[in-house]
Each structure stands twice: as C-alpha cells, then as structure tokens.
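Let me put the structure up and talk you through it.

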Amino acid sequence: MFNRFAVLAVGVVAIGCAGDGPGAGSGPLASPIEAGPVAMRRLTETQYRASVADILGDGLSIAGRIEPDNRRSGLLAVGSSYVSVTAAGFEQYESIARSLAEQALAPERRADFVPCEPADGGPVDADCAAMFIRKVGGRLLRRPLTDAEVESRVAIAAEAGATLGDFYAGLELVLTTLLVSPDFLFRIEDVESGSSDAQRLTSRAMATRLSYFLWNSTPDEELQRAAEAGELIDDEGVATQVDRMLESPRIEDSVRAFFGDLYSFEDIEQGLVSKDPTLFPAFTQDLIGDAGEQTLRVIVDHMLTSDGDYRDLFTTRQSFMTRKLGVVYRVPVAATEGWEPFEFPADGERAGILTHLSLLALHSHPGRSSPTLRGKFVREVLLCQDVPPPPGDIDFASFSDASTPNRRTARQRLEAHVANPACAGCHGLMDPIGLALEQLDGIGALRTEENGATIDPTGELDGVSYTDARGLGVVLSRHPALGPCFVRSFFRYATGRDTVEGEEPFLVSLEQRMSGLGYRMRDLMRTIALSDAFRLASGTRDAEVVLETPVPMDTFTPSPTAPPPDGTPRTATATRPRPPATATPQAASFAQIRDEILTPKCATQFCHSSQTMSGGLVLEGAGARDNLVGVAPTNPAAAERGWSRVQASDPDNSFLMVKIIGPNESALGSRMPLGGSALSSEEVALIEGWITAGAGR
Amino acid sequence: MRRKYLNFVALLAVVTGPISCGGSGGGGAPTSAPSAQRSGYVLSSFRYVFPEHESDPCPGGFTLGAVERRLLGQEPIPDDCLDPEANADPEFKELLGPGTVDGVDLDSFSSFGEQCGENGFSDPEGNSGVDYQLWRSIGCVQGFQEGEISDIVVGGAVANGSMTILLELIGFEGDDDQDLQVQMFASQQSPPLGADGSILPFGTLSVHEDERYHSTVGSAQMRDGVIVAGPMDVRIRLNIQIVEGDISFRDAVVRVEPMPDGTIRGAIFGYQEIAEVYDTFGIQVGQAGAQALSYTCTGLWDSLKKNADGGFDPATGACNSISVAYQFEAIPAFVAR
C-alpha cells in the first residue's frame with residue numbers, strides 16, 4: 001500500500017499531528033486479516049558483510065563484487081526477496097568465499113574457529129573436522145546441521161586434506177562450501193505446520209527475522225539457543241529476546257541500514273553520485289561519503305541516543321561535522337580529524353536533514369540542482385505518495401536553457417516548462433517543495449542567486465506556505481502523512497515485503513499507536529517485532545524471475561520457495577501482479593465503467609481530464625473509449641511489449657489492467673489512480689470483465 | 001571603492017560567519033558559528049615580487065650553472081655547497097641598475113639597527129628607497145624567474161601542504177581609515193583541494209602547534225582600500241621535497257588588498273637572515289638544486305653577503321640579513337587554534 005496517502009486529498013487536509021491526543025499510544029494493535037507471504041530473501045551486501053564479520057571475525061577482506069541488490073517498492077529490503085543469484089554472481093560469491101576461508105583459517109586466526117587440533121598433526125581427522133563443521137556451519141546456516149550434512153562435508157574435508165596434505169586446507173574447502181550455501185546466502189523462512197491461512201513463523205525463522213530486523217546481521221549464539229529451544233514461538237519468549245536485542249548498541253546497525261536503504265545511500269557507498277568538477281570543484285567522493293555519514297549520525301543521535309520523534313529530524317539543528325563538510329557548509333570545524341558535534345545557527349538557512357548535503361546532492365543533477373527531483377523525493381519517500389515518471393516526449397532543453405533573461409532561476413524555468421498542462425499536474429506536486437531548497441545548490445552549498453537573479457525560496461506544501469528551506473522542514477514535520485509513511489516504510493523494511501491488503505487494519509492501528517508515542521524508534525521496533533503481522537505468514541507466492549543457474553551445492557535444502565534441487569529453472573509464472581482472487585468478472589458497459597470509475601477517479605483536475613490530458617489520455621466524455629481501445633500506449637516499455645491501452649478481449653495485453661493493478665517494474669510507471677487509493681478488487685474485476693467481453697461501447 | 005569592501009564584509013558576515021574559530025576538538029561542545037571579529041585566509045599563491053626594468057638588468061646574461069657550463073663547453077667552477085667560501089664564482093651575475101618594485105622602504109618601519117648599503121629600486125609612484133636586495137642576488141638566475149622552477153615549486157607548496165600559510169585580519173570591518181591588526185601563521189595541514197586541484201575556500205586549518213610559527217600581531221591601518229601592517233616578525237615553515245626549513249621575516253611589513261570577491265591579495269616585505277636563505281638554497285638543495293636552478297652555491301653565498309642590507313652586526317661590521325619581497329593571494333578560510 002505504497003499509495004495510501006492521496007496526493008491531492010492531503011491538499012485540503014489541515015496540517016497537524018493526528019492522533020497525538022492523550023492515550024493515543026496505548027491503543028490495541030489490530031491483527032492482520034491476511035498475513036503476508038513467507039519470503040526467501042537474499043542477504044543484502046551489508047548483511048552479508050555483517051554476518052561474515054560476526055561469525056568469522058572483523059578484519060577479513062571481502063574483495064569482490066557481491067551480486068547487486070535490487071530496489072523494489074523503494075526499498076532494497078523488499079527487493080531482496082525478488083532476487084536470485086546469477087551465474088556470474090555465483091562465481092563472485094565463490095571467489096569471495098575462497099578468499100574468506102583462506103583468511104579465516106590462516107595460522108594466526110584458525111584457533112578462533114577450529115575447536116580442536118588434528119590428531120597427530122595429520123591431514124585427516126574426521127572428528128575434529130566434524131566439530132568445526134558443526135560449530136561454524138551452525139552459525140553460518142543459522143541452524144544446526146543435520147548428520148548427513150556434516151558427514152558429507154567431513155568427507156570433503158578428508159578428501160581435500162589428504163590430497164593437499166593439509167588438514168586446514170580441507171577445512172578451507174568446507175568453509176567455502178558453507179559460505180556459498182543457499183542457506184547462508186538466503187534467509188529462507190518456514191512456518192509452523194497447520195491449516196490456518198496465517199501461520200506462525202517457526203522459532204528458527206523468527207530468530208533470523210528478528211536478528212536481521214533489529215541488528216541487520218545473523219543471530220547471535222543466545223538467539224540461536226532460544227530458537228532451538230523453541231522459545232520464539234510464544235509471546236514471552238519473543239519479548240525476552242526483543243528486549244535484550246533492543247538494549248544492545250547493535251540496533252544502531254539496523255537504524256542505519258533502514259535509513260540508508262530508504263534514502264538510497266548505497267549510491268553514495270558505490271560512488272554513483274557524481275558532479276561536474278568544473279561547476280562543483282568542492283565535490284569529491286570523500287565529501288559525499290562524509291555527507292551520507294553525517295545524515296546517518298544525526299538520525300542515530302536523534303532517534304536512538306535522544307529517543308527523539310522522527311518528525312523532528314526535519315527541523316533539528318543538531319548535527320555533526322568534519323572539516324571536509326565544513327568547506328561546503330562554510331562553517332569552522334575545530335576537530336582536525338573525525339567528527340565533532342555541530343549546531344546549525346538559529347538564524348541560519350539550514351535545519352533538518354532535508355538541508356543536508358547528502359540528500360541535496362543525491363537529488364540533483366550532475367550539473368545543477370533539481371527542484372523536481374527533490375520534490376519527488378519528499379513526495380515518494382517521505383510522504384509515500386506516487387509521482388509518475390514524465391512522458392517520454394518532453395523537451396528538457398527548454399528547462400536547461402538559462403540564457404533567456406526571464407529564465408535565470410529554476411523557478412522561472414519551471415514556470416515556463418509547466419505551462420504545458422500535461423506537465424503541470426505532476427510538477428505542481430513536486431516543484432513547490434524543491435523550490436524551497438533552491439538556495440542550496442547541486443551539492444548543497446548555500447547561494448542566494450542563480451545566474452545573477454535572486455532566488456525565491458518560498459513555496460507551499462499541500463496548502464501550507466513557507467518562506468524557505470527551514471520553513472519547509474517545519475511544514476513537512478507537521479504533515480499528516482509524514483509519520484504514517486515512516487511507520488509503513490519501516491514495517492515493509494522489517495518484513496522485507498510489500499504490505500498486503502489484509503494488513504491494512506493492523507497498519508492503521510500501528511500508525512495510531514506510533515502517533516501517540518511520538519514516532520520513536522525503539523517503540524516502533526518493539527511494537528513491530530512483537531506484532532502478529534511480523535510473526536505470521538500466509539505461505540508462498542509465485543516467483544517472478546527465472547533462476548537460470550542451478551544451485552551448485554549438493555547440500556542445498558529445499559524450502560517452500562526454493563528452486564527444485566534438481567536444478568530445473570523455476571520459470572516466471574506471472575509478468576505482472578494479479579489482484580486478489582475475486583468473483584468471476586462480470587461484463588459491464590463502457591458507459592458504466594466510465595461514469596462510475598474512470599471519470600470520477602481518473603479524469604481529475606491534474607490527470608486525465610479534457611483540460612489536462614495527462615499522457616495524452618482523456619477519460620471523460622464521449623470519446624473516452626476511443627482513447628483506450630486499440631490505442632498504443634505512450635509508455636515506451638508498454639508499447640515495446642505490443643500492448644494496447646485496452647486490447648479488446650485480451651486483458652493480459654491491456655496496459656490499463658497493468659496500471660490499475662500496479663506495475664511491477666518502474667519502466668511501466670506508477671499504479672493508477674495516481675496518488676489515490678487503488679481501485680477495489682470489484683472495480684478491477686468490472687474493468688477486466690468489460691475487456692474480456694470485447695471492450696464494447 | 002569603499003562600497004565594494006563593505007559588500008565584501010557583508011558577505012563574510014552573512015555567508016561565512018566567523019573566519020576563525022576556537023573549540024575543543026571532537027569530543028567537546030558543539031562548534032557553532034562565532035562572531036565575525038576575525039577574517040581568516042589561506043594563501044593560495046606565494047611568489048617572489050618580480051621587479052620591472054626599463055633596461056636589461058642582466059646585461060651580462062644569466063648566471064650559468066654547472067649544466068649550462070658543461071653544455072657550452074666551459075670549464076666548471078669548483079663549488080662546494082657545504083663550504084661556499086672555499087671557492088669563488090667570479091662569473092655569478094647580479095641584477096644591476098634601477099627597477100620598479102611594488103614594495104616599501106623598510107627603513108621607515110624597521111628597528112633593525114644600522115642598515116647597510118642603498119637600494120636602487122623605486123615603487124610605482126616613483127618613490128625611491130624600496131628595499132629588495134635579495135633580488136639583486138637572484139634576479140639574474142634563471143631558476144628564480146617568473147614561471148621557472150622555484151616559482152612552480154613554491155606555488156605548488158602552498159597547495160599541497162608543504163608550506164601552508166594562514167593570515168588573519170583582526171577587527172576588519174571594511175572601512176577605510178580604520179585601525180586593525182594582522183597576524184600570520186604557518187599550518188601543518190594541507191588546505192582542502194577541489195576536484196580541479198584548486199584550493200577551496202572556507203576550509204578550516206589549524207595554526208602550527210609551535211608558536212614560533214605564529215607571527216607577532218601587526219598593527220595596521222586601511223587607506224584607499226589597502227591595509228598595511230607592521231612591523232611584525234613572521235616565520236613560515238616549509239617542507240618542500242628535500243628542503244625543510246623556515247622563511248623568517250624580521251620587521252616585516254604586510255600589505256593586504258581585499259578584493260570584491262572575498263579573496264585578498266597582498267605582499268610581505270622584510271628582512272631575512274642570509275644564513276637562512278643560504279641554508280635553503282645552498283645547504284639543503286645542495287649541488288643538485290643549484291644545478292637545477294642554474295647557479296653556484298659559492299656565487300650565491302658571496303652575493304648574499306654582498307647585498308645584505310639589514311641586521312647590522314657591530315662585531316663583524318656587516319649586515320647579516322637581506323631585504324626580501326613576496327607577493328601572495330589568499331582565499332577565505334577558518335583559522336583554528
């Protein structure tokens with residue numbers, strides 16, 4: 001439910017902190033009517049590194065390119081359950097595993113992992129090898145190994161040790177096999193056996209889910225003990241572990257991982273943020289690295305150390321500074337190395353993380369700032385509102401041209417740009433937000449003029465005006481969608497999947513509770529970790545990707561969502577998501593569909609009305625059907641598939657169905673109605689029935 | 001003229017706030033913007049002042065170093081940089097005749113004892129008595145000319161941390177006829193560099209931990225947009241490749257001209273002991289350096305002694321220092337103590 005908050009609707013909602021009344025935080029949490037699916041989630045790169053460090057120790061070099069993470073619904077955490085391992089990716093995992101095994105079992109380190117020494121110093125010692133495999137393998141696979149698994153690996157160690165004449169060389173090979181095991185690379189969840197639709201995760205699955213949620217790493221020995229003792233089935237057992245974990249400083253890792261994921265800071269870590277060195281000579285990878293760290297430090301300090309309200313992140317003047325950052329912020333930094341606390345001046349231009357270099361530089365172009373990108377970030381990431389991609393035929397040259405006297409500032413150029421009604425709708429949502437940040441340039445440095453013209457940073461967010469970037473932060477902090485969006489994003493991060501419709505009552509009650517508690521991090525983490533929604537699962541879902549590479553290890557353990565052990569590729573079963581099961585579609589006239597669904601929900605002020613014609617599509621009046629049936633879509637990805645907006649008798653090749661259900665890839669744009677509630681399953685069925693019946697008039 | 005300086009000060013006050021800072025380091029209280037009483041700068045260029053001449057000041061040509069002499073088939077001149085008085089270089093060329101130097105008559109500032117000799121330089125307004133005897137000694141050496149090795153190496157040194165120099169204007173408000181103070185510092189830190197290799201403004205740089213590299217505070221006045229401060233003693237630390245040493249200015253005069261874009265340009269004039277000059281260009285750079293810059297150590301030392309014009313030593317009856325002049329440009333920076 002990424003689109004819960006209607007963009008247009010909030011414009012008329014009074015800005016305030018809903019649910020802040022006394023006792024609002026103590027309300028009961030609703031149980032989900034429908035639980036989400038179990039998942040098979042590949043470890044993200046951060047999780048892989050953290051897990052290796054926890055088990056094999058700090059200081060091991062992980063040289064190599066780990067299979068890239070995949071962002072889905074705005075989060076890598078969600079995308080992790082949609083990715084597999086390619087052939088090339090497996091080679092990388094194997095190469096890294098060999099290197100890690102060699103480092104971990106080097107003479108100076110092996111005593112940390114090998115609980116025994118080979119008998120007589122020989123190359124083969126089955127008992128010692130078995131001890132090592134049970135100890136390290138149990139940590140890596142997050143479960144005890146079966147006797148068969150141990151025996152097969154003891155055999156590998158014996159054969160390799162004998163061949164190479166070195167006991168530890170045999171263990172290296174075994175450790176390599178463990179590090180490439182699907183049970184290590186993937187978090188494979190299981191549910192308790194039973195017939196209920198919503199089944200409780202097993203104690204072992206809960207341990208893994210809790211650990212990666214609260215610490216972003218593998219379970220520690222105590223959590224594994226609790227898991228094997230079955231203590232994570234009941235409320236008390238879970239609460240004991242959750243409270244223990246929340247007391248640990250390691251929850252900082254999870255907070256950093258969540259916000260780094262939400263704000264796409266992996267682009268910073270991977271060196272993907274670049275600027276024109278001629279225009280922005282101060283921009284370096286070191287600078288943007290510090291900038292990302294600054295934002296995360298502020299978040300950790302505010303949300304954990306100070307137990308602050310999430311919404312205050314957008315107004316706080318507390319920060320941290322390095323000398324590199326001080327150059328661009330133009331502030332003195334006493335500490336010659338590292339970080340020092342810093343407070344932005346009360347009468348300055350900056351407050352809140354929106355005025356940090358990290359977010360400003362991330363949401364700019366290489367050569368200039370971008371009010372549109374910055375506004376889009378606020379709408380989509382901070383307020384959970386959808387903004388569609390621009391039509392493919394927009395001429396951006398006119399926006400980039402600052403040579404015309406009345407187009408010297410971004411505001412002036414955007415005003416000219418959005419004179420086109422097709423552009424005005426979406427830009428009207430984004431630009432007023434971003435224009436408030438225009439006094440902070442493409443890398444976040446302060447400026448008062450652009451091309452010699454004074455920059456006007458005033459604007460409004462959903463009807464509430466502000467005069468500058470700091471004012472935007474204040475208005476944003478009071479926006480009714482800000483806190484709930486945070487709650488929903490964090491829940492999706494916690495579960496590693498999109499929410500499902502049946503979870504809506506739970507999510508609403510969660511929002512209300514967190515509103516009453518002031519959106520504090522530990523409260524939210526604890527509430528989610530102890531909730532039924534976190535601990536229940538409904539079962540498997542269809543795979544969406546082709547796993548081309550058979551899993552190579554003979555020790556692979558089948559699971560509900562795993563590919564078959566014989567290596568047969570699991571083929572895609574659906575290319576786009578399907579709505580929940582509904583009653584058989586019923587044929588309806590187009591007039592009924594138009595008058596009851598399309599015109600009231602799609603032909604709105606900024607969208608598919610005859611005035612604005614967003615995407616060149618009008619969904620009102622007598623010509624609405626002719627704009628749909630047999631007409632090629634303007635979306636290039638849809639057109640490339642040979643779809644029509646509506647293909648008579650063929651809903652599978654009708655782009656309209658994709659748009660109202662929700663595209664599963666960004667190239668297909670956003671789910672419609674844009675920014676509004678999704679069509680009900682009955683409405684979707686009505687449209688599908690009309691198409692199936694021939695899309696008549 | 002006055003108006004633009006006021007604009008410059010407004011820029012500093014509003015945009016950059018204070019240009020110098022205190023603070024306790026990483027674990028201390030938050031560093032917040034202090035008041036704008038001190039305007040800090042880091043030098044972005046530092047080079048000799050290059051006089052202008054109406055006639056060729058080196059009529060006998062430039063001094064020949066060992067390499068040039070060999071290439072020209074001339075006999076080498078015996079040269080021992082560690083013992084420059086062991087030999088003589090009768091062919092070492094000195095700069096002759098009058099010239100125009102945008103400098104000052106140090107005698108009006110100096111309390112440096114009886115001076116030696118007379119200068120033949122004049123300032124652009126035609127006032128005579130401008131002191132710059134060092135250029136008499138090195139003005140006809142190829143390696144010290146504008147754009148040559150010395151110029152390039154020193155220019156790089158201010159950017160790469162080999163010779164970081166800081167300057168503060170204390171109490172500067174941008175008004176003509178105001179009294180203020182000037183202080184200079186060496187720094188052990190490298191200025192921040194941009195992706196294009198340029199020094200970035202608004203970096204924070206700490207003053208040298210050794211207070212010998214903090215100049216005395218020079219009283220100054222601003223007239224017609226130009227600040228003149230002094231006399232003040234200034235010691236700059238350099239660590240350039242094989243050369244590690246000081247440039248010490250005795251009774252220095254510092255001239256600073258604030259620019260509308262917030263930068264400054266200026267010059268420093270004063271007396272430097274000839275032993276210190278020779279330590280750099282004789283002892284430390286050695287034969288290799290002398291060959292690269294095209295002179296002999298023995299010729300240079302002899303010339304320095306001959307042209308020394310400050311620090312009269314009654315015991316020896318000679319001056320032990322020589323007047324020097326350097327020009328510089330600087331950009332805003334935060335000076336941390």
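This is a predicted model: local features need pLDDT of at least 70, side-chain atom pairs count only at pLDDT 80 or more; totals for chains, interfaces and linings use all residues.

Residues are numbered from 1 along each chain as its sequence is written, chains are lettered from A and ligands numbered from 1 in written order, and side-chain values use heavy atoms, with hydrogens and water left out.

So, chain A has 28 helices and ten strands; those are DSSP runs, H or I of at least four residues for helices, E of at least two for strands, numbered from the N terminus. Of its 697 residues, 55% count as buried, meaning under 20% relative accessible area with a 1.4 Å probe, protein chains only, while exposed is over 50% and partly exposed is in between.

Confidence next: pLDDT, the predictor's per-residue confidence from 0 to 100, averages 84 in chain A, and 84% of residues reach 70 or more.

Now helix α3, residues 87-104 of chain A. At 1.5 Å a residue, its 18 residues should span 26 Å, and the end C-alpha atoms are 25 Å apart, which agrees; that expectation is 1.5 Å times one less than the number of residues. Among its buried residues are Phe90(A), Tyr93(A) and Leu100(A). Down the axis of α3(A), the buried residues fall within an arc of 140°, so they line one face; the arc is taken from the directions from helix axis to C-beta atoms. On the face turned away sit the exposed Ala88(A) and Glu91(A).
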